[in-house]
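Colleague: Please walk me through this one step by step, as I am new to reading structures.

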Amino acid sequence: MGNETGGEQEKLYNYLKKKIDHLLEVLGTKPLNPDELDVESILSIDPIGIIAESFDQILEHLNETNEELVIAKEEISAIFNSVGVGILVIDKFCRVHSFNSRLCEMLETDEKPIYSLNFAEIFPTEIRENHCNDSSYKENFKEFHNVAIKNKYFDIKIVPLKKQQGTTNFFIISFNDVTDKVHSELMFQQIYDNANDMIIGLDTDGVIKNMNSAARLILGCSDDELIGKNISSILAEDYSSILPFELKEIVSDSCTKNVEMKLVDQQGSEIYVDGSFFRGKLNASQTGVLGILRDITDKKIVEKELERERELLSVTLKSINDGVITVNNNCQVIMVNKMAEEMLAVSSSEVENVMLEKILNFSEINQLPLCRMGPKKYFTSRGYDPNSRFCLTLRNKEGSDYKVDVFITPLIGRNSNIIGGVVVLKDITDYLRIQEELLNSSKMEALSIMARGIAHDYNNILTAIMSNVSLAKLKAESESVEKVLKNAENAVINAKNLTTQLSTFAKEGVLAKEVVSLKDFLKSVCDFTLSGSSCYYNVHCTKNVSYVEVDKSRLSQVINNLLVNAMQAMPDGGKIGVDCKDIDVDEDTTLPLQRGHYVKISVVDEGKGIPESLQNKIFDPFFTTKEDGTGLGLATSYSIINKHGGHIAVDSIVGAGTAFHIYLPAKKDDYGYRTKMDSHKIQKYHKKVLLMDDNESVLESTSELLRELGVNVDAVRSGEKAVEKFAEALRNGEPYDLLILDITMPGGFGGKKVFKEITKIDPKAKCVISSGFTSDELIKNYKKYGFYSYLHKPYALRELNKLLMHI
Amino acid sequence: MGYENKSFDLRGQICPSTLLTALKKINERKVQLKEGLILEFKVDNRDAINTIPESATRMGYRFDVEKLHGFYKIKIYK
């Protein structure tokens, strides 16, 4: 009993100890040491009870922990699903472990497909290579930006999920949908790159930080040539610029500045731009000023062209000598040019929009159909003729009438419709006056032709008289008779002079120059002009004053004119002095004369004088202060003297008198001057002369004269007869020594033609051409035509004498 | 009950085991422990330094082991 009992007790005790150890192990701790628990202790301390209660606590603890876990899990799940990013959890073999609903939304798929997603497929290479199967992937997370997946863009972050022991079994990948951001960036980039306008970014000091391709193109710079340079380096000097302080203002006040600037590109050409500067981001971190500028150079060029054209138009209108008025469709004035302003005595500002008829100051009651009907109706009416002009009489502000020529034309708009009218006024007062003058001058022309005719006839008559008187003088038997006849001769000479002047009246033309001794010449003109006037005259020439080579009749016309003027200046009579002296003209002279020797003829009166303001006008044609003057006298005189290579000038003091000075080139010697001496030696010549003239009395008297001189004369009255006679004489061996041929013959067979025929027969024939007109071309250039000499009708004895002398 | 330390001196005790004794104490005072009681056990048994904390941890307690002169002080608390 004892041993068995003891033995069994021991068995039990050992069993208990063993189980307690078992339980302790389950508890997670070490088993007891052998001496730690005896039977007594077992019974007193109740180890199994303790352990049981400990288990109780353990379970309780576990439950609590579980609850916490559940809550945590729920929290995580809530976060997981509600977070704005897509989350994908993969294991280290790239298999999908879990993901949130957001990811599904982002990738636009349902849940199921996600599981079957092949990591490798979706993610770009770089990620794949880095992470897939990368078990040695370390601590740090990695970020990838703008990854393109399925037409969207994501920012991806990969974070390893570490367990407590430090190993990584999972990776958490977060997806952030940045598609919108990327798109707007792309859009911005597209705009930036493709814009035609320049986009430049500046910092507040004006340094260029960035620019788009358009800016580079416009400024002609290569990629980054201008980056870092100040904007002032591309601004043209004379244009207003944005200064740095304004840039600061743009940034600080966030205001926008509109600008128009002139830039200079890299090639140095000028570019006009307009646009605006505003506050903007230069890059992620820096704020500055952005400018968007448009190249308006072309527009500016067009603007400048337009301006120039406007200017041109304006200037043209201003300089048109006619008045131009434009009216709108209501016949209101739109524009008047300067000339119109002057003509109508208005100013352009006061006539704007005024009715046209109000500014046209008609002299009589008058109305323009343009105003009555209005432009639209007028220009389309039947009565309108685009080429018609009509005349109106207007009254100027001084109250005198003046005539204008009116020309009206429609103003056509851009769409070819009538938008108004243009009225052109031409002041024709002067034109009409000139027409009148021309009429007068043609009257004068007619008169002069008539005068020529009369002169011609008179010359013939005078020739007859002259010849007869000369003859009579020769045959005079007493001195007293001779003297009387001499007077008669002089009278005829004077008459001849008169007719000469008459015939050359108002006729320009060739000068028939001859050497003249001024003293006699001047005296004779004075005699003629001033005889019978209330003025007395005094002709004074210095001793040995030079001769002049002049057209006598013309010069006498001039002197005559001056004398007449002098007379008219002294209506109550007075002294007229005619002085003549030599004068040398050197280089310093103010006279319009070449250097040389001249003769100065002065005609001086003591009349009322000519005011200084008029002194340079008196030689103008049509200028006259006389009521019935033609204004041609001095003009013609001036022209005549000019043609002689001389000059005529005036010197006058109002109230004291007037002096006209004529300068004529002096003749060095008297060669050519036919003195009276020569011609007084009358001889008998045994010559044969053929005389041709259409005038019977001329023929008769001249023949007589010649016979007196011992000449054998044959007189013919026609050209044909002349040729006939000449040929006959030649045949008979008795040729004529001299032929005197009148230029004008009836039937046209005049001197010239006869000469031609005669020289055909005998080239050496001596022919003298004769005419009543001193200015005849043939007379002047007789030598050129082959004539031996010339004669003026009426023939003076001494001239004939001289001629015969020299054959 | 408040924050107090209940200290037990288990030095020199071999039998019954220090572990079981400690566990018993812990079980008896599980309510107070929840409320903030801190139990201290002074032991010189080297095994006990491991076994007590191990068990207590499983049961959801935290522990501190302090080595002092010739003995250890184990703190158990919730």
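**Helices on a sheet**

Colleague: At what angle to β24(A) does helix α24 of chain A run?
Modeller: Helix α24 (residues 696–708) of chain A lies across β23 and β24 of chain A (contact: C-beta atoms, placed from the backbone, within 7 Å). Helices (H or I, at least four residues) and strands (E, at least two) are DSSP runs numbered from the N terminus. With angles from 0 to 180 degrees between N-to-C directions of lines fitted to C-alpha atoms, for helices over the stretch in contact, α24(A) runs relative to β24(A) at about 170°.

Colleague: Which strands does helix α26 of chain A touch?
Modeller: Helix α26 (residues 751–761) of chain A packs on the sheet, and its direction makes about 145° with that of β25(A). The strands touched are β23, β25 (738–742) and β26 (767–771) of chain A.

Colleague: How trustworthy must a residue be to count here, and how do I find it?
Modeller: This is a predicted model, where local features need pLDDT of at least 70 and side-chain atom pairs pLDDT 80 or more, while totals for chains, interfaces and linings use all residues. Residues are numbered from 1 along each chain as its sequence is written, with chains lettered from A and ligands numbered from 1 in the order written.

Colleague: Which strands stand at the edges of the sheet?
Modeller: The open sheet has 5 strands in the order β24-β23-β25-β26-β27 (chain A), with parallel pairing (at least two DSSP bridges between two strands). Each edge strand has a single partner, so one side is left without a neighbour in the sheet. The edge strands are β24 (712–716) and β27 (789–792) of chain A.

How values were computed:
Two residues are in contact if their C-beta atoms, placed from the backbone, lie within 7 Å.
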